[in-house]
Amino acid sequence: MHEELRIATEPVVVQAIINGKQVAAEKRYARENPANPEEIVGYGPVNTREDAVQAIDAAAVAFPAWAQTPLRERIEYMRRAIARFREAAPELVPLLSREHGKPVYDAQGEIFVSLAWMEYACDIAEEVLAEKVEQHENGKTIITRDPMGVVAAITPWNYPLALSTIKIAPALIAGNTMVLKPSPFAPLAVSKVVEWMAGELPAGVLNMVHGDADVGVELTTNPKVAKIAFTGGTKTATHIMKSASDTIKNMTLELGGNDAALVLSDFDVNDERAMRRLVISNFLTTGQICMIAKRVYVHRSIYTAFVEKYIEAANKWIRVGDAFHPDVTVGPINNLPQVRHVERLIEDAKSRGAQVIPLGRILDENVFAKGYFMQPTLVLGAGYDDPIVVEEQFGPTVPVLPYDDEEQGIQLVNNSIYGLTSSVWGEEEHALRVARRIEAGTTMINTAAIQGLDIRYPFGGFKQSGIGREYGVEGLLGYTELHVINIPKVGELPNIPE
Ligand code: NAD
């Protein structure tokens, strides 16, 4: 079915984009296909801190005129940029699948959500960003939503398009300019998107540099950057907060998660569709999603039956293979350090006596042996405080643990440094009562992960899962400063002497 997409093209070469132009770098780095690391999918530039300075300068120069451009015009610009992305989307699917490893359906889903959010941001912007005028006994107050200036957007590899466009559209519509730095583990498709979108915008409004922590440090310390929009690991965020502290930058941080699924005693283990949704919530994008269910707590009264039915459902849904195989549901892991991280957690669980059960089917053993593949697993018998339970695995393995009573279940869910999303599975009213007690930015009932995501509502984390929100109205307001203009009738306080 997807053979027509598989055709290997010439490696894609992408560059930095500074002030509307592609800027060549002296050196380049290769991005391999994780399903077949011998295949180079493309090259990105090795940018320097100096390149980052130039990109920030370009964004700073472009800012005043862009900020003064009427909102309606900025929205029109954005709609043209989105149209350009939409038009080229079909050619992005194979590129994203090849550089990332995610199956074609998953790459298509990522593009769909990227476009849907950006269009929604355009649709709501006039109402959300409208100024408010209040007449009152002391005179008149006008409250405007002003842009902040230059935004540095730093994004991870797992959803490179969705997590970049989640920042680009609201930041630019609100009148900011941007320098975006994608992850070196999936830099190609997002660079094409930025190239196309930047081409529809005034020069300097949207810039991009490549690199890792070195370039990241410039983006997070440069005094001309007003705001950091970061999605990535919690550990990285601690460095970013330190870097940004000297110039007190505004920040939105979307960080790690160790999301729990809490399965209540009245969950119907024979509900095959619900069980399938839970399996998908654990293994979509090979488990490499911030908001995927990474630990499952099941009421002891149904634990044995649950495990049996779960394995059945997982064995049906999980089909591991190359992104372009027509039957694939789970691709390779994106990169080797991530493979090692997941392996370490599984080995550790085994050494503590846990049982590790392989799940699903490998579609082609030869393909599997070549790439960064890992057989998905279910981990039984882990301790509540074992690393596989308390650390974010970000890969195709999930611990399932029993609990005895609801209070304990809720405590286990909340006993985490993270609080991104969560899910409760069972009779709806009962699940809702429990959901209200969970410490997480989003709680879904009888579904989880992307299946329960709605871009019209704010997304973000409690605790060390982040600061601020993306998506929804808040996802737009996060790129604005409140500016109050007071025109008081008198303008003097009565207690100040003449
Ligand atoms: P990462 O933190 O390693 O890298 C994220 C980005 O930060 C990359 O572009 C990287 O080059 C850059 N970076 C690294 N060090 C930096 C520094 N010192 N200064 C500035 N930038 C620096 O994360 P990753 O491995 O790419 O992504 C996986 C992590 O992202 C997981 O923890 C996952 O949960 C999290 N994530 C969170 C969300 C969310 O919305 N909350 C979404 C997706 C992924």
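In which loop is Y471 found? I located Y471 in the loop between β24 (466–467) and α16 (472–477), where helices (H or I, at least four residues) and strands (E, at least two) are DSSP runs numbered from the N terminus.

Before going on, I note that this is a predicted model, in which local features need pLDDT of at least 70 and side-chain atom pairs count only at pLDDT 80 or more, while totals for chains, interfaces and linings use all residues. Residues are numbered from 1 along each chain as its sequence is written, and side-chain values use heavy atoms, with hydrogens and water left out.

**Two residues with positive phi**

I looked up the backbone of Y471 and found a positive phi of about 65°, although Y471 is not a glycine. Y471 has 6% relative accessibility and therefore counts as buried, a word I use for under 20% relative accessible area, with exposed meaning over 50% and partly exposed in between (1.4 Å probe, protein chains only).

I then turned to F394, which is not a glycine and yet has a positive phi of about 50°. F394 lies in the loop between α13 (387–390) and β19 (397–403), and its relative accessibility of 13% makes it buried.

I found G331 in the loop between β15 (319–320) and α11 (336–351), and at 0% relative accessibility G331 is counted as buried. Setting aside neighbours within four places in sequence, I listed the contacts of G331 (heavy atoms within 4.5 Å) as G101, P103, T286, V320, G321 and F373.

S416 sits in the loop between α14 (406–414) and β20 (418–419), and with 16% relative accessibility S416 also counts as buried. I saw that the side chain of S416 reaches the backbone nitrogen of Y418 at 3.0 Å. Not counting residues up to four places away in sequence, S416 touches N258, R295 and K463.

**A helix pair**

I next checked helix α3 (residues 71–100) against helix α4 (residues 104–129), and they pack at an angle of about 175° with their axes 9 Å apart; axes are lines fitted to C-alpha atoms, for helices over the stretch in contact, and angles run from 0 to 180 degrees between N-to-C directions. The pair α3 and α4 is therefore roughly antiparallel, the term for angles over 145 degrees.

**Strands**

I followed an open sheet of 3 strands in the order β6-β7-β25, with antiparallel pairing; two strands pair if DSSP finds at least two bridges between them. Its edge strands are β6 (132–136) and β25 (480–488), each of which pairs on one side only. On average, neighbouring strands of this sheet are turned by 20° against each other, direction ignored. Strand β7 (residues 139–147) is joined to β25 by 9 bridges, and I143 stands opposite V484 in β25. As background, strands of a sheet pair through backbone hydrogen bonds, either parallel or antiparallel.

Which residue stands opposite Y29 in β5? I found G44 there, in a pairing where 6 bridges join strand β4 (residues 28–33) to strand β5 (residues 36–45) and the two run antiparallel. A hairpin joins β4 to β5 through 2 residues.

How values were computed: Parallel < 35°, antiparallel > 145°, perpendicular 65-115°, else oblique. Polar contact = N/O pair within 3.5 Å; in protein donor to acceptor, adjacent residues only side chain to side chain.
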